[in-house]
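Subject: Structure handover

Hello,

Here is the structure I promised you. Please open it first, then read on for what I found.

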Amino acid sequence: PMKAERRKRLGARGEDAAARHLIERGYTLLERNYRIPSGEVDIIAEKAQTLVFVEVKTRSSPRFGTPAEAVDIRKQRRICGAALQYVSDNAAGDTPARFDVIEVFAENGGFRVRHITDAFSFEAP
């Protein structure tokens with residue numbers, strides 16, 4: 001369980017780094033860890049009248065491929081399901097939306113952030 005705990009802490013710190021990255025670039029954060037029973041979105045932000053649903057993937061090693069590669073079609077569908085619920089709850093159906101992935105690499109005691117805009121398109125859940 002020690003390993004899982006460390007991974008969870010790393011993930012949370014990676015999400016903080018991603019949130020800072022977005023704020024520094026003029027995004028407004030609307031939600032963090034938005035959850036419904038069938039899925040979750042790490043960060044929901046807005047910029048230029050566009051809703052941005054962000055999946056954050058943090059890695060401390062390149063051993064298992066790029067973080068973005070971990071966002072497979074099943075994961076994308078779960079994110080899209082949560083995004084649909086958010087849009088419905090917030091009457092945001094007319095607002096353009098996109099799905100981004102932010103890769104966070106833990107290195108040299110800090111974090112390097114790679115923001116992939118429009119990382120995937122909507123997949124019906």
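Predicted model: local features only at pLDDT ≥ 70, side-chain atom pairs only at ≥ 80, totals over all residues.

**Overall picture**

The protein chain has two helices and five strands. Along the sequence they run α-β-β-β-α-β-β. The C-alpha atoms fill a box of roughly 45 × 30 × 20 Å along the principal axes. Does the radius of gyration agree or disagree with a compact globule? It agrees: a compact globule of 125 residues would have a value near 14 Å, and the protein chain has 14 Å.

Buried residues account for 38% of the 125 residues. Take the contacts between residues at least 6 apart in sequence: 54% of them join residues at least 24 apart. The accessible surface is about 7,400 Å², and carbon and sulfur atoms hold 48% of that.

**Helix H1**

H1 covers residues 2–24. An α-helix has 3.6 residues a turn, so residues three or four places apart point the same way.

**Helix H2**

H2 covers residues 73–89. Its 17 residues should span 24 Å at 1.5 Å a residue, and the end C-alpha atoms are 24 Å apart, in agreement. The buried list for H2 reads Lys75, Gln76, Ile79, Cys80, Gly81, Ala82, Ala83, Tyr86 and Val87. Which strands do these buried residues pack against? They pack against S1, S2, S3, S4 and S5. H2 is followed by Ala91, whose phi is positive, near 45 degrees.

**The loop between S2 and S3**

Most residues other than glycine have a negative phi. Two residues in this loop have a positive one. Ala48 sits in the loop between S2 and S3, and its phi is near 50 degrees. Gln49 is in the loop between S2 and S3 too, with phi near 55 degrees.

Is Ala48 buried or exposed? Ala48 is exposed, because its relative accessible area is 65% and the cut-off for exposed is over 50%. Gln49 also counts as exposed, at 63% relative accessibility.

**Thr95**

Look next at the loop between H2 and S4, where Thr95 is found. Thr95 has 28% relative accessibility, so it counts as partly exposed. Setting aside residues up to four places away in sequence, Thr95 touches Gln49 and Leu51. Thr95 and Leu51 are 44 residues apart along the chain, yet their C-alpha atoms are separated by 6.7 Å. Gln49, for its part, belongs to the loop between S2 and S3.

Best regards

Definitions and conventions. Residues numbered from 1 in each chain as written. Heavy atoms only, no water. Helix = DSSP H or I, 4+ residues; strand = E, 2+ residues; numbered from the N terminus. Rg over C-alpha atoms; globule rule 2.2 N^0.38 Å. Buried < 20%, exposed > 50% of the residue type's maximum accessible area, 1.4 Å probe, protein only. Contact = heavy atoms within 4.5 Å. Areas by Shrake-Rupley, 256 points an atom, 1.4 Å probe, with all protein chains shown as cover. Expected span 1.5 Å × (residues − 1).
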